[in-house]
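Open the structure in your viewer and keep the selection tool ready. Each stop below tells you what to pick and what you will find.

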Amino acid sequence: MADSLQHRAGAPLPLPTAPRGPASFRSRLAVFTRRHKLAPYFLILPALAGIALVLLWPLIQVIIYSFQNYGIQQANGVLPTQWVGFANFTGIFRDPEFWLALRVTVLFALVVVPATLIVGTIVGLMLNRLGKKMSIFVSTAALLAWATPPVSASVLFYWMFDPDGGLVDWALNKMPHWLVGNSNWSQFNWATTNATAAYTMIAILVVWQSFPFIAVTVLAALKTIPGELNEAARVDGASPWRSYWRITFPLIKPIYLVLLLLSVIWDFNIFTQSYIITGGVGNSNEFNLGLYIYDKAFTFPPSFGLGGALALIFVLILLVVTFGYVRSSVKQGALT
Amino acid sequence: MTGTDMTGVGVARRIARGPAGAAIARPVARRARRVKRLKAVSLNAFGVLIALVTLFPIFWMISTAFKPSHEIYSLTPHLLPSHPTWANFSQVISGQVAGGIGGVWLFFRNSLSVAILTVFIASLLALLASVAVARFRFRFRTSFLIMLLIVQMIPGQALIIALFLDARPLNLLGNLTGLVLVYSAQALPVTIWMLRNFVATIPKELEEAAAIDGASGTRIFWRILFPLVAPGLVATSIFAFITAYNEFIVALTFLGQQHSDYTLPIYVQYFFGRGGAQWGPIMAASTMYTIPVVIFFLIVRRRLVGGLVAGAVKG
């Protein structure tokens, strides 16, 4: 008791009066925690355990599988697991389906990322200039698109683009021919005709769902710019285009970097929308990387080794982008 | 075009300032006012247009859900149902559709229980961890924060193989427990980052004062920190709820053919995937899946925007 009191006296925080009677386990634990400054470790322990078990350990397992011939028999313990070196990787690189899926994924991101950022920026700039009520109305409408669950949104867009009774083909047929090219759009099947048609539809869907986040973030960034700057430029006769690129954009550039990297990561990860719209893992002409991994890992006969190798390639590609994201966050003082 | 208008305003002002220009100032100023009003009107019109285009798909989903089937497949689509009907909804509720795997309330209950449990677990763990990173300086603090930034980027498609194989021997496939565990952990990185920003804004003096008055660490946590960080908890709870309510790939893989444990997204997907193009009932089902989130968002809109921006801009 006296011993613990002495140590307590050296502790950084002022202390409550000593408890009466023999020290309970709880109070001794408290003393131990304080003496060794363990409190933060106890506090992060549960979260860390959860993340380690559900996110970090599976990642390590995926790395292990990618060098093994891990299939359903190995998982059931019927056959022994063997190390196969880089066989899974060379198999993947020789598979034309992989290159097709990679191409679809990269092209999709190349189109959708700029589209989302441009639409989001235009809407954000507009929200900043609208009156208060109007601004709330438009941003609420945009947030509803963002709030729609991806599965609902995918099924809904499939229905709007459906060849039988869908709205889009009907509307395209009503449009003047010089505008929409192809003379007959009725019965045009967006989901199954080819990858370009399917991913055009998915691109519209993804832009619809993700521009609100960009718009709201850009709006919040714009609010931090003092109004006098643009006012002064306006009085001096600068066009809105010029004052955006010379004043607004340089000031909110760090946020654009974060938004750009986040969008790249999100648009690379598209799975739910492509799974539903291209019809699950049945249609290998319309695979993106996510669907290709899922197909290799779970379509019979499942090959967890191949799937693991693919997942690893996927994670490595994303890590490059993530590294940029982490670096820009740290630069902005996110860790302080 | 707008550029010249802008210059017009500037010139008008400059001229109006000089005494010599007083005579010509009036018509120019009037023109400038008119241009300004025109711009305000067109800006608002553009705003309304954006809002309508954005809302249209949601409107179309609800409209289709209320249409009888001959109106759904008619050659010229109509905006509103001419004979609105509840038939699609009653089919979805009674469960005669989607191969009779069950009524929509069952899946609603599954989704809701998974989401609520996820919110509780993730919020509690994230609150503890966020206090640690916002209030203490300790070894591995920076590594922990950077690790969170990195793991939140790892996509579900990359981990699903290992998660599936780990869950199999633990009997976590084909039930909701496995989903709650995975979703809680998945929500943690972002919720910790968001909460950290909230905890950091609470003055440390409050806790120190309570410590001087003899309050224990637990007491300080529950009586002082917790009430002050509650708005932040609302924002992170929304995030965790949405994560669990929308999640697709883990639920798809874990639930397999266990129809009675399907969450709403898996039910809607299953119904859609069975073909037959029963768009009326399918839209009724996805309306019932979507509307609760939409209403929820309308209620918490302000907090959500604040929390999102705090997470995005500072994180």
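This is a predicted model: local features need pLDDT of at least 70, side-chain atom pairs count only at pLDDT 80 or more; totals for chains, interfaces and linings use all residues.

**Stop 1: a charged patch**

Select R30(B), R31(B), R33(B), R34(B) and R37(B). They gather in a patch of positive charge on the surface. R34(B) sits in helix α2 of chain B, which covers residues 22-65. Is R34(B) buried or exposed? Its relative accessible area is 52%. Exposed means over 50%, so R34(B) counts as exposed.

**Stop 2: a nonpolar patch**

Stay with helix α2 of chain B, and bring in chain A. Select I118(A), I122(A), F46(B), L49(B) and V53(B). These residues form a nonpolar patch on the surface. Together they have about 460 Å² of accessible area. Which helices each supply at least two residues of the patch? They are α6 (96-129) of chain A and α2 of chain B. The largest share, three residues, comes from α2(B).

Zoom in on F46(B), which lies in helix α2 of chain B. Its relative accessible area is 33%, and F46(B) is partly exposed.

**Stop 3: an aromatic pair**

Over all chains, the count comes to 50 aromatic pairs. One of them is F56(B) with F59(B), a tilted pair. Their rings are 6.0 Å apart, centre to centre, with 45° between the planes. Both residues lie in helix α2 of chain B. They are three residues apart, about one turn of the helix.

Check how open each one is. F56(B) has 26% relative accessibility and counts as partly exposed. F59(B), at 31%, also counts as partly exposed.

**Stop 4: an aromatic cluster**

Select Y65(A), Y70(A), F271(A), Y275(A), Y294(A), F298(A), F304(A), F164(B) and F248(B). These residues form one aromatic cluster. Colour by chain to see that its members come from A and B.

**Stop 5: two loop residues**

Go to F140(B). It is found in the loop between α5 (104-135) and α6 (141-151) of chain B. F140(B) is exposed, with a relative accessible area of 52%.

Finish at N171(B). Where is N171(B) placed? Look in the loop between α7 (156-167) and α8 (176-201) of chain B. N171(B) has a positive phi of about 60°, although it is not a glycine. At 62% relative accessibility, N171(B) counts as exposed.

Note on methods: Residues are numbered from 1 along each chain as its sequence is written. Chains are lettered from A and ligands numbered from 1 in the order in which they are written. Side-chain values use heavy atoms; hydrogens and water are left out. Patches are made of residues with over 30% relative accessible area and no salt bridge: like charges are joined within 9 Å, nonpolar side chains (Val, Leu, Ile, Met, Phe, Trp, Tyr) within 5 Å. Accessible areas come from the Shrake-Rupley method with a 1.4 Å probe; for residues, only the protein chains shown count as cover. A salt bridge is a side-chain nitrogen of Lys or Arg within 4 Å of a carboxyl oxygen of Asp or Glu. Lys and Arg count as positive and Asp and Glu as negative; His and the chain ends are not counted. The place of a charge is taken as NZ of Lys, CZ of Arg, CG of Asp or CD of Glu. Helices (H or I, at least four residues) and strands (E, at least two) are DSSP runs, numbered from the N terminus. Buried means under 20% relative accessible area, exposed over 50%, partly exposed in between (1.4 Å probe, protein chains only). Rings of Phe, Tyr and Trp (its six-membered ring) pair if their centres lie within 6.5 Å; planes under 30 degrees apart count as stacked, over 60 as edge-to-face and the rest as tilted.
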